[in-house]
Amino acid sequence: LSTYEPPVAPVLVSAIFGANGVTMKIKFDSETDYAETSADSVLASSGSTGGWDCSLLFAFDGASACACSWASSSIVTATFPTNGVDTTALITPGGSVTLVGSTIKAPCDDSEVSGCNSYAYSNADTVTSEANAEPDSPVITWNVPQVIGNCDNLTLDATGSYGGGGRDWGSIEYSVTASSNIGGNLDTDTTVA
């Protein structure tokens, strides 16, 4: 390119789930302007706590429930919610990730500000998300009461578990065994619902 030609707009090239399945790295083929010229300036705030709503920049299943942040000028990290969301509504490997149009341009040098307006926006490219080649083993997190009364129901909550590598759980199985020998009575009435 001559010095008078605007740079080529970045192209969306991949979306790969993190090894723990809680994140997805969305990559461009070159540096971006961090969406500084888009209509929504919150996209450029890479340091904001918790990130921004992924649906401002990308379209994929569950994008509005995910938080995005800039890992670099060419990589966005999408973080999936770990509880309180129907995970069947979230993207899985093989799902489509589409860049929202008119949001990303090539970076502009401060000395070229007058020519930055002529930079083209990236197309609304679509890529297929991929599972991580080396996913972590699942981590099971139980939330259980330490003490319950004789007539109380025992509630076991494993919704904080993660590490499926972006895939649905193949199966979920657990067993509960109760034993109590207070006063010589053994109570083993355990109904799992």
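Here is a tour of a predicted model, beginning with a sheet and moving on to some aromatic rings.

**Stop 1: the sheet.** Switch to cartoon view and look for an open sheet of five strands, in the order S1-S2-S6-S5-S3, with antiparallel pairing. Now select 12-17 (strand S1) and 52-53 (strand S3): these two stand at the edges with a single partner strand each, so one side of each has no neighbour in the sheet. In general, the strands of a sheet pair through backbone hydrogen bonds.

**Stop 2: inside the sheet.** Select residues 23-28 (S2) and 75-79 (S6), an antiparallel pair joined by five bridges. Zoom in on Thr23, and you'll see Thr79 of S6 standing opposite.

Stop 3: The structure has four aromatic pairs. One of them is Phe17 with Phe80, which is stacked, at 5.5 Å centre to centre and 15° between the planes. Phe17 is in strand S1 and Phe80 is in the loop between S6 and strand S7, so this pair ties together parts 63 residues apart in sequence. Buried or exposed? Both Phe17 and Phe80 are buried.

**Stop 4: edge-to-face.** Next, pick Tyr34 and Trp70, an edge-to-face pair at 5.2 Å centre to centre with 75° between the planes. Tyr34 sits in the loop between S2 and S3, while Trp70 is in strand S5, 36 residues apart. Tyr34 counts as partly exposed because its relative accessibility is 27%; Trp70, at 8%, counts as buried.

**Last stop: a charge over a ring.** Select Lys105 and Tyr121: Lys105 lies over the face of Tyr121, 4.6 Å from the ring centre.

Methods: Residues numbered from 1 in each chain as written. Predicted model: local features only at pLDDT ≥ 70, side-chain atom pairs only at ≥ 80, totals over all residues. Heavy atoms only, no water. Pairing = 2+ DSSP bridges. Helix = DSSP H or I, 4+ residues; strand = E, 2+ residues; numbered from the N terminus. Phe/Tyr/Trp six-rings, centres within 6.5 Å; stacked < 30°, edge-to-face > 60°. Buried < 20%, exposed > 50% of the residue type's maximum accessible area, 1.4 Å probe, protein only. Lys NZ or Arg CZ within 6 Å of the ring centre and 35° of its normal.
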